[in-house]
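Hi,

Here is the model we talked about handing over. Have a look first, and my notes follow below.

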Amino acid sequence: MSGEEALCLLQLRLGLSESEVEQYAASLSGLVQVLECWPLAIEVACGYLVSCGIGVDRLPVYTDTLIHRAADDERLVPAGYPRTLAAAVALSTERLISGARSRGLLQPTLATVAALCWLAPRRAPMHLALASAFVGPRDLPPAPGWVVFDEAQVPVREVIRELTDVSLVRYDEPLPARKEAFPGSDDTVSMNAVLQDILARHLKLSQSEVAAGLSHVACHTDRWLRGALLSGQAERTWELAQHATALVGHIRSTRTADGYTALLMGNLAAFHHAHGQYEAAHSLLELELEWLGRAGDPDEGLAAQAHTLLAHLAQLRKQADAGPRVAAHLRPVLFYLRQLDGPLPEPVANLAAEASRILQMRLRDQPDPALAQLLEEFRALADVLPTQTTQAVKDLLAVQDLLEQREAERAEHTATAALARSTDPWSAATADLKRLLIEALVLQDKWEQADAALSDFLPYAGPRTLYGFALHHLVHNVGCHCAWTWVTQGEQRAVELLGRLLEETGIAENPALETATDEARFILLQVVHDSWRAMNGNSQYGGFLEQMSRLNDKTFTEPYDPDSVWERIYSGLMPRLSAVMGETVHRNYQEDAYAILATGLPSLDRDPAVKDAYATARCHAVLSLSTDPVYGGLAGRSTIDLLLPEAREFLPGPKAMVILQPHKMVGATSPDTGKSIELQVHRACGKGLRRLVGPQPTLISPQHLTLVLTGQHLTLEHDDGTVIARATVRASSQWRKAARTRHSAVVYFGYGFELHHSPTHRRLMASPTELGRHINSASNNGLLAAGLVSVRIQPTPSVQHRPPATARQQPRRSTRAQRKKPHR
């Protein structure tokens, strides 16, 4: 800092008035120059001056002492720092030792200083540092847990006060905690990293003292870290992992190897594994195995846990030799478990279940007879070593099997029952069960229940989540189904749930991507959601277009599979966006039309032309097939055509097509705005058809419209009884067959085809360019609508003929004499 800034800091830390600054300006400037304007050196010097009660009038004496001591302490200061900094630290350390000795706190104070030098600079837990000074590893109970002191019995604050008095540490923010053991137990202090280096040199600890001290600090740090991991406290774990990382660096540099230092490496690897940092986790686990070997009497249980986690990493990283790697790591675990007798610690007993889960995941990716045999052996062990984790793993595998079999409802019930049995809300198995429940719900299109289940899962999520595996697979699997459902069906609740997955889980900050294809898939999910937001006016188009460009050189499967659901989502995205845009334009047309009808035109209801057009609904009509060389280009496309091309195998043959044009155009114009509408097209759209928008519109399938063919009479009808169009047609047998096969027909209703004038119509159909201009003009003016409409072909009613009259019977010939006259 500048000289002026250094003087201001000195004035602030010494609490000097303006008059004192002016009076002792020379002495203050001399000290600042000796300290070379370094803020850290000024802080340490001021801490010493204040704690020793040295007044500003005695500054020259202190400055001379610094200069004298700096010559002796040159080797103690890091390169690039002023020698007077080491001298200032030395004087403060002497003051610290003197004060601590007088209070009977020398040993715990120096041990605490050593611990703070080995931990990370920021937010070191006070109780962790002092536990390393007061409690040896052999004095700890075997049960997991970390040491916090009753401050009424142990002088925690007094020791820390010794350090703060000479400005070696300062209080910092408490550790994040779901619940403090008692007030102040999570308080922390911070020490400058340069001070850590200088103080560690000043302590002049022997090699054996360093080894013992590091072992003690490793033991306590591991317990604090493990406790946070097991209780699912992500932010707390993150802070403690920084201290574990710094400590492992000192352990490696001093080659301090024993069970405590190895265990710390293993649990730090578990932290990185939970965060999806697989390279770091792998390196630490390999280091743990090396350290266990160096320890002389390696703990086989710790080695088995390390091998199991290494096997899981090999599976997650999906390397080419993943199968052999998994087998190589799990065979020693199987050998170890088989030789054990008597009750086992739960972490060891759980290894059989964990190994079974890893093997089953691997066999899903690639069958392997050797791994299948290994799986059977681990399952047999898991059955004779039952634990809560064993049952949870069995539940997980059962739910996964049901989902793979598309038994979503049974999977939902199984997951719900397993969660009801779970006793550990923060276990990885519980998080996995909750994400599988969400997956089962979305597969049944239970969007509201899935939304609630996601809210229940969110406590496991976040940028520093400890449940990266569950989070990654939740967003991947559920996000895929949400994107697919929106692209194929336009289901708004699906894309809204996708948005929550991407925005509320923190997946962008902690994606835990396993492969390059995973990266492409997550980008695609973001593109789908961003495009939906842009279409709804909630964001700019540039955002999703930029994301879309990132997919240009990527594939979603390895090797490339064009039939993959991810490829189909990608292919169907633009048609869905076209459909959304078309729906927006259509809705705007309809709203404008309703506004015109609602104001200023009450006479339309009484207009004879309108009444006649609605009542008769007479139309010109052309029937054709999608294979027709003239009309086939108008067959259109639906989302199913694009995304499910295999449907052609189940629906062979061409599409039936119908073009309908009202006999007369019936319009209405607003006297206020001058906007015009065609009433018959407006009515057809109100009943389910959609106006065509854009160069490649996607056809919708209106639910309540039916095309009815009875003999030569064709009608387009709504379920409420409204007849939108009537026409007399001659349907060929091929057209009837196509309509019966697909149960649908592509219907165009409106203008642009010039059906009322056959020569003009034939000329248009012979010129695709001219036809395109007419259709675009009609579409741009809202005069053409279409849809994929269901078809009903009714038998032609038979004409009832009277039976022919029987021949009249003549009276038999007889003589007049034979006839009897009636009596009168």
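This is a predicted model: local features need pLDDT of at least 70, side-chain atom pairs count only at pLDDT 80 or more; totals for chains, interfaces and linings use all residues.

What do the buried residues of helix 34 pack against? They are in contact (heavy atoms within 4.5 Å) with strand 4 (619–625) and helix 35 (768–780).

Residues are numbered from 1 along each chain as its sequence is written, and side-chain values use heavy atoms, with hydrogens and water left out. Helices (H or I, at least four residues) and strands (E, at least two) are DSSP runs, numbered from the N terminus.

Back to helix 34, residues 758–765: Thr760, His761, Leu764 and Met765 are buried there (under 20% relative accessible area, with exposed over 50% and partly exposed in between; 1.4 Å probe, protein chains only). Looking down the axis, these buried residues fall within an arc of 130 degrees, so they line one face of the helix (the arc is that of the directions from the helix axis to the C-beta atoms). Arg762 and Arg763, on the other side of helix 34, are exposed.

Then there is an open sheet of 3 strands, antiparallel, in the order 1-3-2 (two strands pair if DSSP finds at least two bridges between them). Strand 1 (124–125) and strand 2 (170–172) are at the edges with a single partner strand each, so one side of each has no neighbour in the sheet. Strand 2 is joined to strand 3 (residues 188–190) by 3 bridges, and Tyr171 sits opposite Val189.

Cheers
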